[in-house]
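Dear colleague,

Here is the structure I promised to hand over. Please look through it alongside the notes below.

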Amino acid sequence: MKDKEQQQLFTRRSLILGGIQGGLALGLIGRLYVLQVVNSQHYQLLSDKNRIQSLDLLPARGEIFDRSGVLLAGNHTTYGCLLNLSKAKEVQSLLESLKSLIDIDAPTLERVTGQLKKQRKAFALLLKENLSWDELATLELHAPDLSGILIEKSQSRFYPHPQQTAHVVGYVGAVTEKEAAANDQLEIPGFKVGKTGLEKHEDDRMRGQPGLKRLEVNASQRVVRVLETVESVKGQDLHLTLDFPLQKAVGDILQRAQSACAVVLDVWTGAVLALVSHPTFDANLFIGGIGKTPWKDLNENPHLPMNNKVISGQYSPGSTFKMIVALAALKKGVVNSQTSFHCPGHYDFYDHRFHCWNWRTGGHGHMTLEPALSQSCDVYFYNLATTLGIDAMAETAREFGLGVATGIELTSEKAGLVPNKSWKRLIKKQVWTPGETINISIGQGAILATPIQLAKMTAMLANGLCPIQPHLLKNAPLMGATPLPYSKDFQNLIKAGMRGAVNEPRGNAYRARIEDPAKQMAGKTGSTQVVRITQQNRDNYTHNDRPYHLKEHALFVGYAPVDHPRFAVTVVVEHGGSGAKAAAPLARDILLAAQTLVV
């Protein structure tokens, strides 16, 4: 009986234990079902996120070519060292290991440390780009000991002619925080954006589209294999109107001055054939980040090599403005080809005396308009100004594009200034005075123009007064505008004055003439004061006695060939003194080069 009771007790306990085991088994099976069936996609995603990483691939930037296909900005294959951000906690030990293998400078270490503190969307962070072959081989050799370090191939920018085209092409540089915040694409390690020149103006179209590489990594975040690659798409190439042989020649010619600039336009289309600002800089210095010493040297250079003087230099145009004053006077009927004024070397207006440039020799005597232009008689234009008035001059100046940015495909272009009565009343809160009109008539005073504006003005004088749009992109649409409404007689009179200024013995720029009749140029000199010259100054010293920074800027505008114009040029020599002596010879050599090199 006792044995039977023990047997029943054992059976009950076995059933209870079996029930418990069965319940546990069912619970386990249920949990496995939930994990493997119900939540399988969720856990598969978590697994993939740990196992699969996505790496953005840099697109090749669009290249830049001159009008004949000469490469001005290109790309070459480089290798970069990347840090897997999932290994950020071990970054210090990784950097210490890397420093013993390749050169990593202090600024790089500071940049990496700073970027690691920020919330980043990228999988990797660029440690060093443009690895040398020795550095690349060293990293590959030690790859097993560098968990979290990736080596990636990419395209890096380079400029074959970094000094000759720096102010036109510009340069690229690292993405700033502000730029990255506006575009997720710019978070890609090693991405570069345009900072100046065409690189900046046309940045969006040259960037291209990034690719993607999906990587399988192990628990140590080492790459096991590449699962998928979506190739990046190269940005658009740019084809320019620039003629590189002429660009180089102009740069060489300007070496004769301390600080100068020049631009050459096609007078019919507005195509920019050469645009040089001197001194220049090496655009390649900026691609990987310029060092402190060269950056300091560039910024402390008094001739401002980083400034593009052609589009952002604003100068009083001096006597190059006289063609505008003459056309305004002809249009208003203030003067004709036979109108004469006497030049004794000065012009008295109430209690103020305005001097002609040759006041020391007693002036030009009796002058009509054509010789007044060719010999640059200031007194003649003083007389025109008092009758014509500032508003009429300003109206004609704006017709030729002065006082308005040209819209050339470059950043930082200045608009210049064409003042009038309303401008002074609005900006200065003052009344315009007749003495200011007299100053403006010879391109002095408040009026300002950029060299590219003066080149546009000169091209229009040469092509029959057809408005043009200065441009650098080869496929830019032409304006197709109708000529300004000035008679042929007026135009021919201005052209005759410009022709005489260079090719007649009494012309201001006669010594800089082109002797070959088929290549002769027409033009106009100009000198613009940077400080006021008093009577005491005139009596006590000559121009050459002045310090460099007090000398006038020297200008020349011109076109060639005279009979069949094709090229217009503007040259500005900062503190060069005489336009005839400093700027005209450079312009002559530039126009000769244009007629020789540009087919």
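What follows is a short account of what was found.

Please keep in mind that this is a predicted model.

Surface first. Ile16, Ile20 and Leu24 together make a nonpolar surface patch of about 320 Å². Ile16 belongs to helix α1, which covers residues 2-38. Its relative accessibility is 54%. Exposed means over 50%, so Ile16 counts as exposed.

Next, helix α5. This helix spans residues 133-141, and its buried residues are Glu135, Leu136 and Leu139. They cover an arc of only 100 degrees around the axis, so they sit on the same side of α5. The other side of α5 has exposed residues: Trp133, Asp134 and Leu141.

The largest cavity has a volume of about 400 Å³. Its lining is made by 29 residues. Nearest the centre of the largest cavity lie Leu58, Ser154, Gln155, Gly190 and Phe191.

Which strands supply at least two residues each of the lining of the largest cavity? They are β1 (52-57), β3 (71-84) and β5 (149-158). The largest share of that lining comes from β5, with six residues.

When you open the model, I would look at these places in turn: the patch with Ile16, Ile20 and Leu24, the buried residues of α5, and the lining of the largest cavity.

Best wishes

Note on methods
Residues are numbered from 1 along each chain as its sequence is written. This is a predicted model: local features need pLDDT of at least 70, side-chain atom pairs count only at pLDDT 80 or more; totals for chains, interfaces and linings use all residues. Side-chain values use heavy atoms; hydrogens and water are left out. Patches are made of residues with over 30% relative accessible area and no salt bridge: like charges are joined within 9 Å, nonpolar side chains (Val, Leu, Ile, Met, Phe, Trp, Tyr) within 5 Å. Accessible areas come from the Shrake-Rupley method with a 1.4 Å probe; for residues, only the protein chains shown count as cover. A salt bridge is a side-chain nitrogen of Lys or Arg within 4 Å of a carboxyl oxygen of Asp or Glu. Helices (H or I, at least four residues) and strands (E, at least two) are DSSP runs, numbered from the N terminus. Buried means under 20% relative accessible area, exposed over 50%, partly exposed in between (1.4 Å probe, protein chains only). The arc is that of the directions from the helix axis to the C-beta atoms. On a 1 Å grid over the protein atoms alone, a cavity is a set of points where a 1.4 Å probe fits but cannot get out, and a pocket is an open set with protein on both sides within 12 Å along at least five of seven lines; lining residues have an atom within 4 Å of a point. Grid points are joined across faces, edges and corners, and a volume is the space filled by probe spheres set on the points.
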